[in-house]
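Colleague: I should like to learn how to read the features of a structure such as this one. Might we take them one at a time?

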Amino acid sequence: MTTSRVPRPSPDGTRDDATNARLEQENAQLRHAVGSHATVDQAIGVLTAIHQLAPAAGFDVLREVSQHTNTKLHTVAETVIAWALGQPLPEPVGRELDAAVQRRSRQHNAPDTEAG
């Protein structure tokens with residue numbers, strides 16, 4: 001016997017209002033998540049190209065700027081993309097972006113300390 005978390009449609013093929021509302025909300029959340037993910041990926045690409053960072057470091061930079069400016073990650077990503085297109089960076093984002101990139105650059109350029 002197979003069970004499902006989603007209630008089956010009634011015999012006439014319709015779902016109740018609560019189920020429809022829940023499904024519409026989940027659908028909207030998924031659409032937003034996909035859009036935010038694409039924006040973050042584009043911003044990582046900007047940082048990778050401009051600052052010659054690895055993609056993982058680019059994500060770390062976005063995350064740090066988001067945390068240090070108390071700004072949602074996708075909003076920071078949108079700001080970075082706008083900057084790449086010629087718009088100025090807001091002061092707190094610009095300052096934190098510079099600092100985070102510098103930290104990543106130092107980590108990348110630091111000599112290996114492991115004995116080989």
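Modeller: We may begin with the secondary structure. This is a predicted model, and the chain holds 4 helices and 0 strands. Read from the N terminus, the order of elements is α-α-α-α.

Colleague: How many residues does the chain have, and what percentage of them is buried?

Modeller: The chain has 116 residues, and 26% of them are buried. As for contacts between residues at least 6 apart in sequence, 50% join residues at least 24 apart.

Colleague: What span should helix 1 have at 1.5 Å a residue?

Modeller: Helix 1 has 35 residues, so a span of 51 Å should be found at 1.5 Å a residue; the end C-alpha atoms are 50 Å apart, which agrees. Helix 2 may be read likewise: its 15 residues reach 21 Å from the first C-alpha to the last, close to the expected 21 Å. Just after helix 1, Gln52 has a positive phi of about 55°.

Colleague: Which residues of helix 1 are buried?

Modeller: The general idea comes first. An α-helix has 3.6 residues a turn, so residues three or four places apart point the same way. In helix 1, the buried residues are Thr19, Ser36, Thr39, Val40, Ala43, Ile44, Val46 and Leu47.

Colleague: Why does Thr39 count as buried?

Modeller: Thr39 has a relative accessibility of 16%, and buried means under 20%, so Thr39 counts as buried. Thr39 lies in helix 1, residues 17-51. Apart from neighbours within four places in sequence, Thr39 contacts His74, Ala77, Glu78 and Ile81.

Colleague: Which residues make the contact of helix 2 with helix 3?

Modeller: Helix 2 contributes Phe59, Leu62, Arg63, Val65, Ser66 and Thr69, while helix 3 contributes Leu73, Val76, Ala77 and Val80. By type, the residues of this contact comprise 7 nonpolar, 2 polar and 1 charged.

Colleague: Which residues of helix 2 are buried?

Modeller: In helix 2, Ala57, Gly58, Val61, Leu62, Glu64, Val65, Ser66 and Thr69 are buried.

Definitions and conventions
Residues are numbered from 1 along each chain as its sequence is written. This is a predicted model: local features need pLDDT of at least 70, side-chain atom pairs count only at pLDDT 80 or more; totals for chains, interfaces and linings use all residues. Side-chain values use heavy atoms; hydrogens and water are left out. Helices (H or I, at least four residues) and strands (E, at least two) are DSSP runs, numbered from the N terminus. Buried means under 20% relative accessible area, exposed over 50%, partly exposed in between (1.4 Å probe, protein chains only). Contact means heavy atoms within 4.5 Å. Ala, Val, Leu, Ile, Met, Phe, Trp, Tyr, Cys and Pro count as nonpolar, Asp, Glu, Lys and Arg as charged, and the others, Gly among them, as polar. The expected span of a helix is 1.5 Å times one less than its number of residues.
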